[in-house]
Amino acid sequence: MIPVEFEFLLRHYNYWTSVILVMIGLYTMIVKKNLIKKFMGLNIVETATFLFYISMGDVEGGVAPVIVHGEHAAEHVVYVNPLPSVLILTAIVVALSTTALALTLAIKIYEKYGTLNSERILELM
Amino acid sequence: MNVLFHLPIIVILIPLTAAYLMPLVGHKWKKWCNSLAVVALALSFVASLVLARLVLVNGPMHYYMAGFMPPWGIELVVDYLGAYMCVVISFITLLVALYSKEYITKELSEQRRPQYYTLLLLLTGSMMGASITGDLFNLFVCFEILSISSYALVSISGEGKALLAGYKYLLIGAIASSFLLLGIGHLYISTGTLNMADMFVRLPPLYSSWTVLAALALLIVGLSIKTALFPLHVWLPDAYTNAPCSVPVLSTLVIKVGAVAIIRLLFNIFQPSFVINTIPMTAALSYIAAIAIIVASLFAISQTDIKRMLAYSSVCHVAYVILGIGVGTELGLTGGMLHIINHAVTKGCLFFCAGAIIYKTGTRNIREFGGLGRKMPVTMGAFTLAALSMVGIPPTNGFMSKFYIALAAMTAGRPECAIVILLSSLLNAIYFIRVINITYFGIPEEEIEIDEAPPTMLYPIVMLAACCLILGFGVELPLTILRPAAQVLLGV
């Protein structure tokens, strides 16, 4: 017999995972001194958001939302909600362009200062 | 009639199309880059004016992208606020493009100029898109385009400090974007729709749900970072100080678009009665804004770098807009939205003047401005006029919006907000009159021969300075569209 509170945690484990990942990402961004590592923290936050969206669109036992004609067409098919996945495709493109820009800036900063440690850069400025 | 029907999408598409053409033009015919940007933005300004006229005559316009009906398709809703923002954004960006012709030659190398204009046009298109979209996810996408182009614009000069400022802005801005995305996800989970009008109808039964409240909190925090509301403003001073002077003018528009998104969230997605009475979100925002106004003014007084001083002044003035919204009455909302155009015009003029001074003298330190009043009479005259408008001296536009917000605070029974506005006007006076004093009465340390900035830089300056007076005397002009805007938003 599983306690009620524990069951609550278990049933929404996908949301808890994304919450924990967001926290890990934010922690990384605050604590790490290296500019690239800070950005990796941000990528974790973004990925956690993507997981949140994709898991909320999922239906247990659902199939891809493609209408099948002919003899294989079942009558009561449960479809997965396709919209969150489509939204996340857009969000991935956005995250990708942010990452590309951040890495470009990081390369330029390294060329200028010779280091990516944020504290060292502050000393050099 | 057919063209007018498609006008909402045309207004956005003109700058975006020009942005795609720009790298090609920059590759082949470098000197036509500026002309292309100016022509595109002038077209977009004319289209915005026609759009505003249409909205004033016929009421809000709805445009369904690719003909899909909402809530399935993406909807553009040009209401009074959206049309007003389109006019403001295209007008200011047009002047920025004019001003950039000469100014940018000193700041950026020839290879970077096409990139600069590409980003400028992308930013314009996405800002207008964010102002008139009726779809929550589309709002997020527009916000991302405008954020990424402003990160790149901040660090476009390629100097070390500018790169770091851009990186800092990017890290903070990307957290805001993730929060926005999470908030939108929460709202989608609860309502099953992304269309704002549809959400407005479906949300009221769910107001007690924690998911919806979490969504409101995430979206407000995310948008506050984009708007640079006081405790979350840390990216702004560095970004403004290290970017070329035309970028902060654009960035004042960026933070205004954040404020417009807050208006949309509070009044178009949630219901006014919920955010004003049930959860006193507007009251909380107005108190945060009041603290922001005082603290940012104090920070501005202690600056010696003119761009940094103007940056803190921007933090202060965007808080006025939020304060106006936070009062939560029709008058307060009108005053807050009126301050959007007034601050864009005045701060644009001030940054253009600062750019002209830096272009001619190469110094940003206020203490070295001695004697500039005689050498650059037109620039410093415009600077003085705009500074008086920032302080809120009566015939200028700054007075009008401050007066409206203060009046709204008084009638809403919040005299403390009116006191904050009065106090901040005094603090504004301290730091602006210091600059005016040095430029007119200060003695230069060494005599340097300088004259006025080139005409393509002077025209935008004079035009914006004239706007400070025109919008002061003719305050009815923006109010004809803002009064119905406030009534529609509050559902009166």
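Me: How many bridges join strand 1 of chain B to strand 2 of chain B?
Reply: This is a predicted model, in which local features need pLDDT of at least 70, side-chain atom pairs count only at pLDDT 80 or more, and totals for chains, interfaces and linings use all residues. Residues are numbered from 1 along each chain as its sequence is written, while chains are lettered from A and ligands numbered from 1 in the order in which they are written. Helices (H or I, at least four residues) and strands (E, at least two) are DSSP runs numbered from the N terminus, and two strands pair if DSSP finds at least two bridges between them. Strand 1 (residues 61-64) and strand 2 of chain B run antiparallel, and the number of bridges joining them is four.

Me: How are helix 7 and helix 9 of chain B oriented relative to each other?
Reply: The axes of helix 7 (residues 160-191) and helix 9 (residues 210-227) of chain B come within 8 Å and cross at roughly 155 degrees; axes here are lines fitted to C-alpha atoms, for helices over the stretch in contact, and angles run from 0 to 180 degrees between N-to-C directions. Angles under 35 degrees count as roughly parallel, over 145 as roughly antiparallel, 65 to 115 as roughly perpendicular and the rest as oblique. Helix 7 of chain B is therefore, relative to helix 9 of chain B, roughly antiparallel.

Me: Which helix gives the largest share of the side of chain B that touches chain A?
Reply: The contact takes 23 residues from chain B and 25 residues from chain A, two residues being in contact if their C-beta atoms, placed from the backbone, lie within 7 Å. Helix 6 (136-154) and helix 7 are the elements of chain B that give two or more residues to this side. The largest share, 15 residues, comes from helix 7 of chain B.

Me: What is the phi of Ala228(B), and where does this residue sit?
Reply: Most residues other than glycine have a negative phi, and most peptide bonds are trans. Ala228(B) is placed in the loop between helix 9 and helix 10 (235-242) of chain B, and counts as buried because it has 28 C-beta neighbours inside 10 Å. Although Ala228(B) is not a glycine, its phi is positive, at about 60 degrees.

Me: Which residues does Val254(B) touch, not counting residues up to four places away in sequence?
Reply: Val254(B) lies in helix 11 (residues 246-269) of chain B and is buried, with 27 other C-beta atoms within 10 Å. Val254(B) and Leu146(B) are 108 residues apart along the chain, yet their C-alpha atoms are separated by 7.5 Å. Leaving out residues up to four places away in sequence, the residues touched by Val254(B) are Met127(B), Leu146(B) and Ser150(B).

Key: Buried ≥ 20, exposed ≤ 12 C-beta atoms within 10 Å, placed from the backbone.
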